[in-house]
Number of protein chains: 2
Amino acid sequence: MKIAIMGFGVVGSGVGEVVTKNQDILVKKCGEPIEIAHILDLRDFPDSEFRCFTKDFNDILNDPEVGIVVETMGGVNPAYEFSKKLLLAGKSVITSNKELVAAHGTELLQIARERNLNYLFEASVGGGIPIIRPMFSCLTAGEATDVFGILNGTTNYILTQMFQKGETFDNALRAAQKKGYAEADPTADVEGHDTCRKIAILSALAFGDSVLTERIPTEGITKITAEDVAYAEKLGYSIKLIGHATKAEDGGVFAAVFPAFVPKSNPLAGINDVFNGIIVKGEDLGDVMFYGRGAGKLPTANAVVADVVDAIKHKGVNIIIKWNEYKPENQSEGKLQKYPYYVRFSGKAVSGLEGCQIVTFDEEEYKNEFAVITKPMTETALGEFVAGVEGMGGKALGKLRLIGE
Amino acid sequence: MKIAIMGFGVVGSGVGEVVTKNQDILVKKCGEPIEIAHILDLRDFPDSEFRCFTKDFNDILNDPEVGIVVETMGGVNPAYEFSKKLLLAGKSVITSNKELVAAHGTELLQIARERNLNYLFEASVGGGIPIIRPMFSCLTAGEATDVFGILNGTTNYILTQMFQKGETFDNALRAAQKKGYAEADPTADVEGHDTCRKIAILSALAFGDSVLTERIPTEGITKITAEDVAYAEKLGYSIKLIGHATKAEDGGVFAAVFPAFVPKSNPLAGINDVFNGIIVKGEDLGDVMFYGRGAGKLPTANAVVADVVDAIKHKGVNIIIKWNEYKPENQSEGKLQKYPYYVRFSGKAVSGLEGCQIVTFDEEEYKNEFAVITKPMTETALGEFVAGVEGMGGKALGKLRLIGE
C-alpha cells in the first residue's frame with residue numbers, strides 16, 4: 001500500500017519514523033508493506049532520509065497508486081480543501097487535525113461513507129490514548145450521559161505546577177515554555193481553544209450530533225490564583241481544565257470548557273503533568289476512564305499509523321462513524337444546566353446561606369475573605385446568589401464550577 | 001437482525017435488558033432493529049418478559065434467520081462445541097466467556113476469519129471497559145512491550161479492604177462474599193485463575209502468539225498478611241493482584257499472575273474496590289491506561305451489545321483479530337525475567353546486602369523481623385539470595401515482586 005504524508009512537522013515526521021522502523025510488524029498486521037510515496041511540505045528537508053518530498057499537492061492527488069493520505073498539516077486551510085479533494089478522488093484520509101475535524105468532520109465523514117472510504121482521526125484527541133475508536137465502536141449500546149476530559153497537556157502541566165510547587169500561573173507558564181510543553185504564544189492552550197475543539201469531537205461521537213465550537217462556552221485557566229489553589233487544597237479538591245459534554249435538560253447537547261474543582265476521590269484529580277484523561281459516564285456503562293500521555297511525537301504518530309493500518313484492513317469498506325449535521329436546536333445553551341460552584345468573596349464570612357458550605361482560613365492574609373461552595377444551580381441562579389452575598393458587603397473575587405462528585 | 005442468546009444468567013439476561021431498553025438507539029447505530037429470536041437455557045423463567053426460551057441448541061443452529069449468537073454460558077463445554085458449530089453454520093458469535101476464549105480463541109477466530117464472520121469477545125476482559133478492541137485496533141503500530149492489569153474485581157476489593165480497613169484476608173473475603181462480590185467458593189478469584197485467563201487473552205492480543213493458561217505461573221492473594229500490608233504502606237506501595245505479560249529476554253512471551261508491590265505513584269496503585277485497570281506499555285506508545293468497573297451486569301452486557309452492533313455493521317466482513325497458534329517455544333518460562341523483590345525475614349536485620357534496602361519497624365511486635373527490597377533479579381537468583389540471608393540466621397516469611405516503578 002502506497003501512502004502519502006501532508007505536513008512533515010512533529011507528528012508527520014513521527015509517522016515517517018514509525019512506519020520505517022516498524023515495517024516488519026506492520027506487514028504482519030496489514031498483510032502488505034506500507035510505502036511512503038510522497039511527502040508534501042513547503043519546507044526543504046535536505047538531511048531527511050526520505051527522498052520523496054514535493055511542494056505540489058497534485059503529485060499526491062494524481063498518483064493513482066496512493067490509496068491513503070496522512071494529513072498532519074494542522075489548521076483548517078488548506079487541509080480542508082486537500083482532504084475533501086482526496087476523498088472525492090477515492091483516497092482514504094487519516095488526520096491528527098482536531099481543528100479540521102471539529103469544523104468539517106461531519107462533511108468529510110459523509111463523503112468517505114458515500115464512497116466506501118475512511119476518514120479516521122484517532123490522533124486528533126488524546127494523542128496516543130485510544131479514545132475515538134472506543135467511543136464509536138465500544139460504547140455503542142447504552143447511550144453516554146456525560147463526557148469529562150482533561151484534554152490539554154499544557155494547561156494540565158501548568159495547573160500541576162501551581163498545585164505541587166505553589167507556583168503562580170505566570171511562573172508555571174514560563175516553566176512549561178522552558179520545557180517545550182507550551183508555545184511562545186500559548187493562547188490556544190491556556191484560553192481553552194484546544195480543549196474546545198477536542199470536546200466538540202468527543203461530544204459529536206458520544207451524542208451523535210455535530211456542535212459548533214463557536215457556541216461552546218470556553219474559559220481558560222489564566223484567572224486561576226494561588227488563593228483558588230489554597231481553597232481547593234483545603235477542601236480536598238484539585239483544579240483541572242475540563243471539557244464537559246452532556247445531555248442537557250432542554251433536550252439538546254451542552255458542551256463547555258471551564259476550569260473546575262474536582263474532588264481528589266475522582267480519578268481525574270490524580271491526572272497530573274502533561275497527561276490526559278477522559279471519563280465517559282453512562283447509566284449502564286459505569287464510568288470508564290482512558291488515561292495516557294496526551295501528546296508527544298511518537299505516541300501521536302502511533303495513533304495515526306494505527307488508523308492507517310485500520311484503513312488498509314478496511315479497503316473498500318467504510319468504518320461507520322456518523323454524527324448528524326449541525327442543527328442549532330440540538331446544541332444547548334446550557335441555561336438549565338446546574339453545577340455546584342466555588343465562589344470566593346472579599347469581606348467577612350456571611351452566615352445563613354442555605355445549603356452552602358462556608359470556608360475560611362485562620363491565616364492572617366486570608367482574614368478579610370472567605371469562600372462558599374454552593375448547591376448545584378444554574379448560571380442565572382448563581383448570578384442572583386452572588387448579587388445577594390455582595391449585597392451583604394462582600395465582593396466576588398472568583399468562581400469555579402465543581403464536577404465529578 | 002435476529003439474534004439468539006445462549007445462557008440467561010447475569011450477563012445474558014443483562015443483554016436481553018439492554019437490547020430491549022435501547023431499541024431506538026440501536027436502530028440508529030445499526031440501521032436495523034435487533035430482535036431476540038431464541039434464548040437457550042436449561043432453566044425455566046416463567047416470569048420473564050421474553051417468550052422465546054428453548055432448551056434445544058438446534059433451534060438456534062437451524063434457524064437461518066439468526067445471524068448472530070450471543071454466548072454468555074461460561075465454561076468451556078458445551079460453549080466451545082456450540083460456538084464452533086454456529087461459526088461453521090455461518091453465524092457470528094459474541095462472547096463474554098474468558099475461559100473459552102483463553103482456551104480455544106485461536107481456533108474460533110480462524111474459523112470466523114475463513115468464513116467472513118466475526119468472533120468478538122470485548123466483554124471477556126474488564127467487563128464494560130473497552131480494552132479488547134483498543135488492543136487490536138488502536139495499539140497496532142508500535143509493538144507493546146508490557147501489559148499490566150488489575151483484572152479481577154473480587155481480589156481487588158479484598159486487597160483494598162486489607163489496606164484501608166486493616167482487615168485480615170479472611171475477614172475481607174467474608175465482607176466481599178456478603179456484598180456479593182465473591183462467590184461461596186472463591187477459588188477462581190482468590191487463587192488467580194480468573195486473572196490468568198484474562199492475561200492470556202491480553203497477551204495474545206498484545207504480542208500475537210497464543211499462550212497456554214496451564215503454563216502461566218499463577219499465584220493468588222491468600223498468603224498476603226497484615227504484616228505485608230504494613231511494610232507496603234511504610235514504603236509507599238500498594239499490593240495488587242497483577243496479570244503481567246511481557247516480551248521475555250529469551251525471545252518468547254512471558255505471562256504470569258502474582259500479587260505485587262505497586263508504588264503509589266503508579267496509577268494502578270490508585271485503583272481500588274471492584275475497579276479494574278489495564279496499563280499497556282510500549283516504547284513509542286507512552287503508557288496508556290484503561291480504567292473502569294470490571295464487572296457488573298449492565299456494563300458487561302453493554303460490552304456484549306456493542307460487539308453485536310459491530311458484527312451487524314461488519315456483516316460479511318471479518319474484523320481481523322489474529323494471533324498465532326500456540327507453539328511451546330513462543331511461551332517463555334521467564335527464567336531470565338528480573339523483578340525487584342520484597343522479602344520479609346524473621347530475626348534481626350542483617351547488614352551488608354549489596355544494592356538492597358532494609359526495612360524495619362520500631363514497634364514491639366516487629367522487633368524480631370525485617371524486610372528487604374532487592375534489586376531486580378531472576379527467580380533463581382532470588383532463591384540464592386534468600387538462602388544466603390537465611391544462612392545468617394533469618395527465615396523468609398513471605399515474598400512479593402515489585403512492578404511499575
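Author: Let's start with Lys55(B), which counts as partly exposed because its relative accessibility is 46%, and partly exposed covers values between the buried limit of 20% and the exposed limit of 50%. Keep in mind that this is a predicted model.

Reader: What makes Asp44(B) exposed or buried?

Author: Asp44(B) has 61% relative accessibility. Exposed means over 50%, so Asp44(B) counts as exposed.

Reader: How do you know that Lys55(B) and Asp44(B) meet in a salt bridge?

Author: Their side chains come to 2.5 Å, N to O. The cut-off is 4 Å between a side-chain nitrogen of Lys or Arg and a carboxyl oxygen of Asp or Glu, so this pair qualifies. Lys55(B) and Asp44(B) sit in two loops of chain B, 11 residues apart.

Reader: What makes Asp307(A) and Arg133(A) a salt bridge?

Author: The closest N and O atoms of Asp307(A) and Arg133(A) are 2.7 Å apart, and the limit is 4 Å. Asp307(A) lies in helix 12 of chain A and Arg133(A) in helix 6 of chain A, so the pair ties together parts 174 residues apart in sequence.

Reader: Why are Asp307(A) and Arg133(A) called buried?

Author: Buried means under 20% relative accessible area. Asp307(A) has 1%, so Asp307(A) is buried.

Reader: Why is Cys356(A) called buried?

Author: Cys356(A) has a relative accessible area of 19%. The limit is under 20%, so Cys356(A) is buried.

Reader: How many disulfides are there over all chains?

Author: The count comes to zero. A disulfide needs a pair of cysteine sulfur atoms within 2.5 Å.

Reader: What makes helix 7 of chain B largely enclosed?

Author: Of its 13 residues, 11 are buried, so helix 7 of chain B is largely enclosed by the rest of the structure. Its buried residues pack against several elements of chain B, including strand 7, helix 8 and helix 11. At the N-terminal end, Asn152(B) caps helix 7 of chain B, with a side-chain oxygen 3.2 Å from the backbone nitrogen of Thr154(B).

Reader: How do you know that the two copies are related as by a two-fold rotation axis?

Author: A rotation of 180° with 0.0 Å of shift along its axis superposes chain A on chain B, with an RMSD of 0.0 Å. The two copies are therefore related as by a two-fold rotation axis. In chain A, the C-alpha nearest that axis belongs to Phe290(A), 2.5 Å away.

Methods: Residues are numbered from 1 along each chain as its sequence is written. Chains are lettered from A and ligands numbered from 1 in the order in which they are written. This is a predicted model: local features need pLDDT of at least 70, side-chain atom pairs count only at pLDDT 80 or more; totals for chains, interfaces and linings use all residues. Side-chain values use heavy atoms; hydrogens and water are left out. Buried means under 20% relative accessible area, exposed over 50%, partly exposed in between (1.4 Å probe, protein chains only). Helices (H or I, at least four residues) and strands (E, at least two) are DSSP runs, numbered from the N terminus. Contact means heavy atoms within 4.5 Å. A polar contact is a pair of N or O atoms within 3.5 Å; within protein, one must be able to donate a hydrogen and the other to accept it, and residues adjacent in sequence count only if both atoms are side-chain atoms. Copies are superposed by least squares on the C-alpha atoms of residues with pLDDT of at least 70 in both.
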